[in-house]
Each structure stands twice: as structure tokens, then as C-alpha cells.
Amino acid sequence: MTNNFEIIRAGVNTTFQDQGRNNLYHIGIPFSGAMDNRNYSLANKLAGNKLNSPVIEFAYQGPHIKYLGENINIAVTGDIVFKIIKNGTEIDGNCYESYQIESGDEINLISTNKSVYGYLAFGGELDLKFQWNSCSINTKANIGSNNGKKLENGQKVNILNINSDQSKKKTNYINSKVENIRVIKGPNFDYFSEEGKKIFFEKEFSVSKLSDRMGMRLEGPKIENIVNTNIKSEGLLKGVIQVPADGNPIIMLSDHGTIGGYPKIGVVASVDYDRLVQISPGSKIKFKEINLSDAETLFKLYEMDTQNLLNQI
Amino acid sequence: MIKNISNLGDAAVYCDFGVEVNKSINSEVIKYFKALKKENIESINNLTPSYNKLIVSYDLRKTNFREVKKLIENLNVNETQDNNSNKIEIPVCCDDQFSLDIKRLEEKLNISRDKILENFFSKEYFCYMTGFIAGMPFLGDLDENMRVPRLETPRVKVPKGSVALTEQFANIYTFESPGGWNILGNTPVDVFDNSKELEPNLINPGDIVVFKQINLEKYNSYNDK
């Protein structure tokens, strides 16, 4: 018998993601990978997987899945409202807690709660194609597993091996909300007027509905450029904040184009990236300046915290 | 030579080779890119060479700006002068169904279609960088009288294989994508092939490209072989 799950409802933006792919920017292929790295790792740990295993990532509304096969553990992370359906009976699911599911059980990931991304890990090895050592789906270039496309209604995915340890795993974790996103000044910071710089670090912006895995578009007071609204195209990274001629900042996210020609006003500090991607459209965002050495120290602390969370499971 | 090394955020080094765009500066960028690639350093995630910048991004869990900066400063770039650039011929069909912006080019440049094609196909182009979308080559330089700005309103969908111009550069859309360049023709060649993991790009930074005009018949039968 092959173990598999069927996608009854795919959800809004449901893909397979893992740790992403390295060393391909020079040919135009972005990093991709799970948007919220901490929640991705926690999902794998709770499901008893290696930390870099593929998981299902979804945005806003997740998939509704029916499982067929031998008993398997699953875990959901993020801030997610979900149900597990056993023999027609609905059970409210808790994030950060593994569940053993049986053949015929369903998982309905109803929605994210005031956040964007959630993760579902199966305690086993999903039968997925790897490209450049990663199954991460990049829907723009059609790279990765599932022919580089989002998951669709009705499709089935096989599970090759199921983890034998199916003990209950649980941790208490609450996703902290951020008030300020810390930003290191970018190489073109001085392209902007004194007023523009002030606006950037002092005013609130709201996250536009046009945000996706490629980028987060912001709306708010315009940031005036006094030098040149274009630069010679150069490399981009996740977290880079570009300001095009219209004065509205765009933050590059994991599937970003590898080069771009708009001035870079700043770069989001790595410590705040996981939390940045979870800010939902319509929410407010405010930037706070940080220097390099503080950013490095804070990231170290954040990573230690992630490790502690993982070690507790 | 690198004019300045600074940090780009907390997980990348920004190597600035100057502000101009020319082959000699870009060759320096490519030299550093190749030398670093050859070192194959585990903590380095990505290298992005462009016209006059090289961005080196690293895993902040394994290293930091100070260490990577030092590594770049001490890099022996002269050892790696294997400037093995390839010369690649790209067939292009400029049938009306493909040269979507030929009228605009004629108007903006104030030269006839025939003269535009004659000029375009008579030159060799240097690949400054690849990217934006996977495998897209940025080729230069077009003659002064061949330079036009981007479209005022970019297309939502540029067909795969489109060969297009903007300012001093030509490029090739490796797959269907939004884009604002002026489309001159279309190539039947797969410039990016994601089934080839080792060499997905037909054209790489430092390569020389020549375009060869083909007719519609040849275009249509190109992939039958």
C-alpha cells in the first residue's frame, strides 16, 4: 500500500518548501525556501523529521487534506486555525503539537490568524523531485517539486517512508508580534531627501495586498528621491528595500528577482525577517535603524532562541 | 579593482567596482566572481556579479561581514585568469509576429526596419551578467544610434524567447515573464534549461554572443531536428 494524501482544497498559495537553494543567484535563480524559517524548522522537529525536510507552506487559507495509509504524525506551526476530522468528528487542532493521524483522517487548515504563512509537516519522507538540492517551489520560474507549480485540488502526493517514532511532541510557543522592523541603511540611502529619510524611519507604512513570496509592497507617505530613481542593475537579496520612482518601498522576499535597478534605501536585519514575512496586508509597519554590529548580535541571540525552542521538543 | 567594500545588510558584502558600465570594469567583476566561485567557500550562499558590482551573500550563522570582507581583500584573483569565454550564436527570427516593437523602434530611432536589423545582426555582444529571471543574459553594447528607453508601460507577458533592447543592452526572455524591453524578434533556442542542473544557462557572464537572422520557415523547423 502506498501512503499518500489527497488535496481536497489546495488553498491560496500552497507549495512545498525546504531550506532553499544556494549558489544560483549568478544565473538568476533566487534562494526560495520557507518564508518563516523558525516556524518551518519547528514543524519538522515536531513531526520528528530532519530540520531541512520539505513541508507544505501555505498563505492565508491552507489546504484541506485527506490522508490514506499507515499511521503518521503531523504538526502545524504558525498562527493557524485548523481542524482534524476523524470518522466525521471534528477536533480543534493546536499548533506546536504533533497529532497521530490514521488512514481516512482529514486535516483542514482553515486560515492563518492575523499572519500570512503557516506550515504543515508530515512525519515522513514526501515523494518530491529535487532541483539543485531543494524541492522548494518557485512558481515564477517553474522550478522545484510539483513542476514548480502551486498545489492543486485533487492531486495526490505519496509518502515514501514514515517515521517510526510517533510519540506526542509539543512545545509552548507564541509568535511574537513586531512593532518595529529593524533596518540597516542601504548603499543608496543618500539618494533620498532629508525629509524622505525622516519619513522612512519615523512614519508608518501599510502592507499592500500586492505582496507575495517575491516581495512586500508598502504604501504610505512618499519617499522623495533627489539623485536618481534608477541605478545600474545590480544584485538583490531578501530583505533589501528598494524605492522606485513612485516613492513606495518594496521589500524583497524569498522568491525575489536576482537583480534590480531601483535604489536601495535599506536592508531588513536578519533577526526580523521571519517576523516581517508574517505581517499581513493592511497591517502597519514601521522601520527602526540599527547598525551592523547590533544586527549581528541580535541575530545570534535569535538563533540561540530558535535552537533552544528546537531542543525543548 | 574594487573601489569600495561595504556591507549590504548584515548578511552580504557589497563590492563596488565603480559607477560606469563598460567591459573593462565588468571583466574585473567577473574575475572576482570566478575567483570566489573557485574557492567554493561553504559559508558563502551566493555571488551576484552585475555591471559594476559584486554582491557576496553569506550564512550569518556561520560567518560575518568582517570575515568575508577580509577573505575578499586577500583573494588571489590573478591566479584565476582562465578567461574562457565562449562564443555563442543565437538564431533570431524577426517576422512580424515576433518583432512586437519594431514600429516603436523605427519611430524612436528614426531609422528604417532594415537598417535596425542590419546594425543589430552585424555586431558581437558581450554578456555582462545573467539574472532578473533565470538565465536572462544582459548583452552589450548597442551602438549609440540604437538606444531606446524602456516601454512606458511594461507588458504583463513577454513571450518566451523574445529578443529585446533597452538603452545600450539586448536581452533574451528565457521564459514568459512581465517586462518592459523593446521586442525585436524571437529565438527558438532554449537559453535557460532547468533540466540541466550543472549548466542551465546557455550564455554566461563574459561570453560573446552573435545573433543570426533566420526566416520563419527555419524558425518553425528549428526544434524538429
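This is a predicted model: local features need pLDDT of at least 70, side-chain atom pairs count only at pLDDT 80 or more; totals for chains, interfaces and linings use all residues.
**Stop 1**

Now select strand β18, residues 250–252 of chain A. β15(A) and β18 pair in the antiparallel sense, over 3 bridges. Next, select strand β14, residues 204–207 of chain A, together with strand β15, residues 215–219. These two strands also run antiparallel, and their pairing has 2 bridges.

**Stop 2**

Colour residues 3–162 of chain A as domain 1 and residues 181–311 as domain 2. Their C-alpha centres lie 27 Å apart. The contact between them draws 20 residues from domain 1 and 16 residues from domain 2. On the domain 1 side, select helix α1, residues 37–46 of chain A. Helix α1 gives the most to that side, with 5 residues. By class, the domain 1 side holds 7 nonpolar, 8 polar and 5 charged residues.

**Stop 1: the core**

Move to the largest nonpolar core, which has 138 residues. Those with the most contacts inside it are A:Ala43, A:Ile74, A:Leu120, A:Ala121 and B:Val56. Centre on A:Ala121. Leaving aside neighbours within four places in sequence, A:Ala121 is in contact with residues including A:Ala43, A:Leu46, A:Val55 and A:Ile74. A:Asn44 and A:Asn49 are also among its contacts.

**Stop 2: A:Cys135**

Select A:Cys135, in the loop between β11 (124–126) and β12 (156–162) of chain A. Is this residue buried or exposed? A:Cys135 is buried, because 23 other C-beta atoms lie within 10 Å and 20 or more are enough to count as buried. A:Pro54 and A:Cys135 are 81 residues apart in sequence, yet 6.8 Å apart in space, C-alpha to C-alpha. A:Cys135 also touches A:Phe16, A:Asp18 and A:Gly144, among others.

**Stop 3: where chain A meets chain B**

Finish by showing both chains. Here 30 residues of chain A are in contact with 38 residues of chain B. Select β16 (234–235) and α4 (292–311) of chain A: each supplies at least two residues to chain A's side. The largest share, 5 residues, comes from α4(A). Colour chain A's side by class to find 15 nonpolar, 11 polar and 4 charged residues.

Technical notes:
Residues are numbered from 1 along each chain as its sequence is written. Chains are lettered from A and ligands numbered from 1 in the order in which they are written. A nonpolar core is a set of buried Ala, Val, Leu, Ile, Met, Phe, Trp, Tyr and Cys residues joined through C-beta atoms within 7 Å. A residue is buried if 20 or more other C-beta atoms lie within 10 Å of its own, exposed if 12 or fewer, and partly exposed in between; C-beta atoms are placed from the backbone. Two residues are in contact if their C-beta atoms, placed from the backbone, lie within 7 Å. Domain bounds come from an automatic or database domain assignment. Helices (H or I, at least four residues) and strands (E, at least two) are DSSP runs, numbered from the N terminus. Ala, Val, Leu, Ile, Met, Phe, Trp, Tyr, Cys and Pro count as nonpolar, Asp, Glu, Lys and Arg as charged, and the others, Gly among them, as polar. Two strands pair if DSSP finds at least two bridges between them.
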